[in-house]
Amino acid sequence: MPRNRAAPFILGAGGLAAFLAVWQVAPSVGLVSSTLLPKPSDIPAAFAAEVRNGLWLEAVGLSLGHYLLGLLCGGTAGVALGIASGMSVRFELSLAWIVRVLRPIPGLAWVPFAILWFGVEQSAAVFIIAIGVFWIVFFASQGAIRGVDRELIEVADAFGFTGAFAKLRKVMLPAALPGILVGLRTALGQAWMSVVAAELFGVAGLGQRMTQASSLLATDIVVVYMLTIAALYGAMDTLFVFVQGRLLAYRP
Amino acid sequence: MSDAIVSIRDLALGFDQGGTRHEVLRHLDLDVPRGEFLAIVGSSGVGKSTLLRVLMGLSPPSAGRVEIRPSRKAERTAALVFQDARLLPWRRVTANVAFGLERLNLSGAERRDRALQALARVGLREHGGRWPHQLSGGQRQRVALARALCVKPELLLMDEPFSALDAPTREGLQDEVVRIWRDQGVTVLFVTHDIDEAVYLADRVIALGGKPGEVRSSLPIDVERPRRRGDPRLQVLAEKIKRDLSAEAASREDWSI
Ligand SMILES: Nc1ncnc2c1ncn2[C@@H]1O[C@H](COP(=O)(O)OP(=O)(O)O)[C@@H](O)[C@H]1O
Ligand SMILES: [Mg+2]
């Protein structure tokens, strides 16, 4: 077990350094061709060039927009329907087969409809991202509401909060919050995967830029955007964990 | 009885379980005079909690009449203290105590004042800013008591509230409940399976027994207050109730063979 507070950081940095070292050495000693796998030392220059010609900032701005809107739409719908179906067995039963039909359809399969409905527009990408987010958040919220301790719900009843809405607000929602947040956090990562997929068919963003670069075998640029996604995700997740810690400060 | 705050006539209650009807209580009559400290004893599963749930309006009886007559237009007639404190873990202590007030048309400051008063009454005024998990079991149960008192109930229902606590903590809380009962003029229905606790606290002890459960005996505890633990008169009364209940349990075992 790490004994001091710096230990987790040192271990993490050490692991990352080892990873980069292996990655650097493999193409250098000819283990793989550097077209197939660019060296990490090539990346900063590729990154600087992408930033200089303005493509990086534009792609990131657009994708971030798709990402946040998709997260917002899918997350809101997922939380709302998840809670409703978690609270009402009738509602859940009436959704059961709709869910079974729609759930297994991958986000990419929606692309033709997204284009028909929205055109090759930002909203099409948002739609595809939102679908992926929706299912994760829907099931997490439904499970979290279903799992609320009955004894706590009884406390609401005992103190006169008998209506469904009063119960939801006073007991069920706060009790389900940890589970809902776990779903949202999973969706945070899933949504970046969907961003790349959603931008494959022509909506501008870093997914599109990655496709262009790979068709030109500019693998260093592809890696620049892979790392960009990792950095953006890392920042989002860190922020999320911070907010989550605030919201769940009551826990030991 | 005209001055009864609770009167129950011929109450019956059962559950349907896998197609068979499972009767929990039947032919239950009970009058509780206003201001009485009534203890209800009986073995586990006899229906004590169910009876309290009926009085709280949480379970509808299948037959009979349950009347609760508040003397004034009360904000809330009855409040319940559960066996496990059941505090809401995401609320600080003060907010837990104020929980029942949020239905009422009070300002935030008024709610806070009343919650702090109730907390002071159970000796936890300094702990209002803590989270429930930062309290001991006894303190949590005190907060649950404050939460119930905070809505100014005329009828305080307590369901084995101290059974999970160690003896010194339990005895401290017992004395606190007696003090609150005396000061507030509230009627208390105190469910316990600890017969010594029942006779020490109550004006009257009723024993539930049988399956389905009925009132088997009703014994006034005519011992003046303040009482002394281990008073021989209390011991005699406790022995009598224990004898009644063990005869009862023995006859039930015969049945189940
Ligand atoms: N919701 C319920 N559904 C079915 N049976 C129940 C329910 N609640 C209580 N019971 C049954 O009623 C009986 C009395 O329970 P309870 O009132 O909790 O007993 P006590 O508090 O005296 O230990 C038990 O046999 C229990 O299994
Ligand atoms: Mg019980």
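In this predicted model, 18 residues of chain A are in contact with 22 residues of chain B. The two chains bury about 1900 Å² between them, and carbon and sulfur atoms account for 69% of that area. On the chain A side, the residues that lose the most area to chain B are A:Glu154, A:Phe159 and A:Tyr250, which together make up 37% of what that side buries.

Four salt bridges are found between chain A and chain B, and six residue pairs are in polar contact, both residues being at pLDDT 80 or more. Two elements of chain A, helix 7 (150-158) and helix 8 (164-198), each give two or more residues to the side that touches chain B. Helix 7 of chain A supplies the largest share, seven residues. Sorted by class, the side of chain A that touches chain B has 12 nonpolar, one polar and five charged residues. One salt bridge involving chain A joins A:Glu151 to B:Arg86, with an N to O distance of 3.4 Å.

**Domains of chain B**

Chain B is assigned two domains: domain 1 covers 4-74 + 154-256, and domain 2 covers 81-151. Their C-alpha centres lie 25 Å apart. Contact between the two involves 16 residues of domain 1 of chain B and 12 residues of domain 2 of chain B. The area buried between these domains is about 1200 Å², with 62% of it on carbon and sulfur atoms.

Which residues form the salt bridge listed between B:Glu176 and its partner? B:Glu176 pairs with B:Arg142, and their closest N and O atoms are 3.0 Å apart. The count of salt bridges between domain 1 and domain 2 of chain B is one. Seven residue pairs are in polar contact between the domains, again with both residues at pLDDT 80 or more. On the side of domain 1 of chain B that touches domain 2, strand 6 (155-159) and helix 5 (167-184) of chain B are the elements that give two or more residues. Helix 5 of chain B provides the largest share of that side, seven residues. By class, that side of domain 1 of chain B has nine nonpolar, three polar and four charged residues.

**Salt bridges**

Side chains of opposite charge can pair when their charged atoms come close. Over all chains, the whole structure has 30 salt bridges. Within chain B, B:Asp31 and B:Arg9 form one with an N to O distance of 2.8 Å. This pair links distant parts of the chain, since B:Asp31 lies in strand 2 (residues 20-33) and B:Arg9 in strand 1 of chain B, 22 residues apart.

| A:Glu151 | B:Arg86 | 3.4 Å |

**Ligand 1**

Which residues surround ligand 1? The surrounding residues belong to chain B: B:Phe15, B:Gln17, B:His22, B:Val24, B:Ser43, B:Ser44, B:Gly45, B:Val46, B:Gly47, B:Lys48, B:Ser49 and B:Thr50. A polar backbone atom of B:Gly45 is 2.7 Å from an oxygen atom of ligand 1. For B:Val46, a backbone N or O atom lies 3.3 Å from an oxygen atom of ligand 1. B:His22 takes part through its side chain, where an N or O atom is 3.5 Å from an oxygen atom of ligand 1.

**Backbone geometry in chain B**

The bond from B:Lys211 to B:Pro212 is cis, with omega near 0°, and B:Pro212 lies in the loop between strand 8 (204-209) and strand 9 (214-220) of chain B. The bond joining B:Arg225 and B:Pro226 is also cis, with omega about -5°. B:Pro226 is placed in the loop between strand 9 and helix 7 (232-256) of chain B.

B:Asp10 has a phi near 55°, a positive value in a residue other than glycine. B:Asp10 is part of strand 1 (residues 4-17) of chain B, the strand that also holds B:Arg9.

Key:
Residues numbered from 1 in each chain as written. Chains lettered and ligands numbered in written order. Predicted model: local features only at pLDDT ≥ 70, side-chain atom pairs only at ≥ 80, totals over all residues. Heavy atoms only, no water. Domains from an automatic or database assignment. Contact = heavy atoms within 4.5 Å. Buried area = accessible area lost by both parts, 1.4 Å probe. Salt bridge = Lys/Arg side-chain N within 4 Å of Asp/Glu carboxyl O. Polar contact = N/O pair within 3.5 Å; in protein donor to acceptor, adjacent residues only side chain to side chain. Helix = DSSP H or I, 4+ residues; strand = E, 2+ residues; numbered from the N terminus. Nonpolar A, V, L, I, M, F, W, Y, C, P; charged D, E, K, R; others polar. Near = heavy atom within 4 Å.
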